[in-house]
Amino acid sequence: MIFLILLLYAAYTDYTRREIKNSVILGIYVLSLFSNASVFDKVTGLFLLTLPLFFIALKYDGIKGGDVKFLSAVGAYLGLYELSQALIPTTITAVIMGYVRSEKSVPLAFVFCIGYIIFKAVIFLGGG
């Protein structure tokens, strides 16, 4: 529940100001210590998807540093398996939002929050 509250706050600030507060990211990192994911899953979720994004952020301006930190914190909390599943509806949401609003970039925390809620709703409705 605390993760969802932090996620909603990150989504709000990212949507309104295009920034994700470091305190929110730190809170998600702290929560990751108590998540149900295995240590291997947490570590791979922390590094495997975010390391390439870090290098992309260095090369281009499309991905900001707060987005990389946010995604690494979420990866540490959810683990690689759940993160990769949550990124499917997140990507679809980002593409639709970018198309509807005719934007090249969308606020990552906002679309991730929507994608995560869709992911959890599908899991809940599927009986898992």
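Colleague: With which residue does Lys 21 form a salt bridge, and how is such a pair defined?

Modeller: The term salt bridge denotes a side-chain nitrogen of Lys or Arg within 4 Å of a carboxyl oxygen of Asp or Glu. Here, Lys 21 is paired with Glu 19, with 3.9 Å between the closest N and O atoms. Please note that this is a predicted model, in which local features need pLDDT of at least 70 and side-chain atom pairs count only at pLDDT 80 or more, whereas totals for chains, interfaces and linings use all residues. Residues are numbered from 1 along each chain as its sequence is written, and side-chain values use heavy atoms, with hydrogens and water left out.

Colleague: Are Lys 21 and Glu 19 buried, partly exposed or exposed?

Modeller: A residue is buried under 20% relative accessible area, exposed over 50%, and partly exposed in between (1.4 Å probe, protein chains only). Lys 21 has a relative accessibility of 29% and is therefore partly exposed. Glu 19, at 37%, is also partly exposed.

Colleague: How many salt bridges does the structure hold, and which parts does the pair of Arg 18 and Glu 103 tie together?

Modeller: There are 4 salt bridges in the structure. One of them joins the side chains of Arg 18 and Glu 103, at 3.6 Å from N to O. Arg 18 belongs to the loop between α1 (2-17) and α2 (22-32), and Glu 103 to the loop between α5 (65-101) and α6 (108-125), so this pair links parts that lie 85 residues apart in sequence. In these labels, helices (H or I, at least four residues) and strands (E, at least two) are DSSP runs, numbered from the N terminus. Glu 103 is partly exposed, at 26% relative accessibility.

Colleague: How many helices and strands does the protein have, and what percentage of its residues count as buried?

Modeller: The protein has 6 helices and 0 strands, and 41% of its 128 residues are buried.

Colleague: Which residues have the most contacts inside the largest nonpolar core?

Modeller: In soluble globular proteins, nonpolar side chains tend to be buried together. A nonpolar core is a set of buried Ala, Val, Leu, Ile, Met, Phe, Trp, Tyr and Cys residues joined through side-chain atoms within 4.5 Å. The largest such core has 27 residues, and Phe 3, Ile 28, Phe 70, Val 74, Phe 112 and Tyr 116 have the most contacts inside it. Two or more residues come from each of α1, α2, α5 and α6, with α5 giving the most, 9 residues.

Colleague: Which residues does Phe 70 touch?

Modeller: A contact means heavy atoms within 4.5 Å. Leaving aside residues up to four places away in sequence, Phe 70 touches Leu 7, Ala 10, Ile 20, Ile 25, Ile 28, Leu 108, Ala 109 and Phe 112.

Colleague: What is the volume of the second largest pocket, and which residues line it?

Modeller: Rolling a probe the size of a water molecule over the atoms shows where empty space is left. On a 1 Å grid over the protein atoms alone, with a 1.4 Å probe, a pocket is an open set of points with protein on both sides within 12 Å along at least five of seven lines; lining residues have an atom within 4 Å of a point. Grid points are joined across faces, edges and corners, and a volume is the space filled by probe spheres set on the points. The second largest pocket has a volume of about 190 Å³. Its lining includes Ser 35, Asp 41, Tyr 77, Tyr 81, Tyr 116 and Lys 120. Both α5 and α6 give two or more residues to this lining, and α5 gives the most, with 4 residues.
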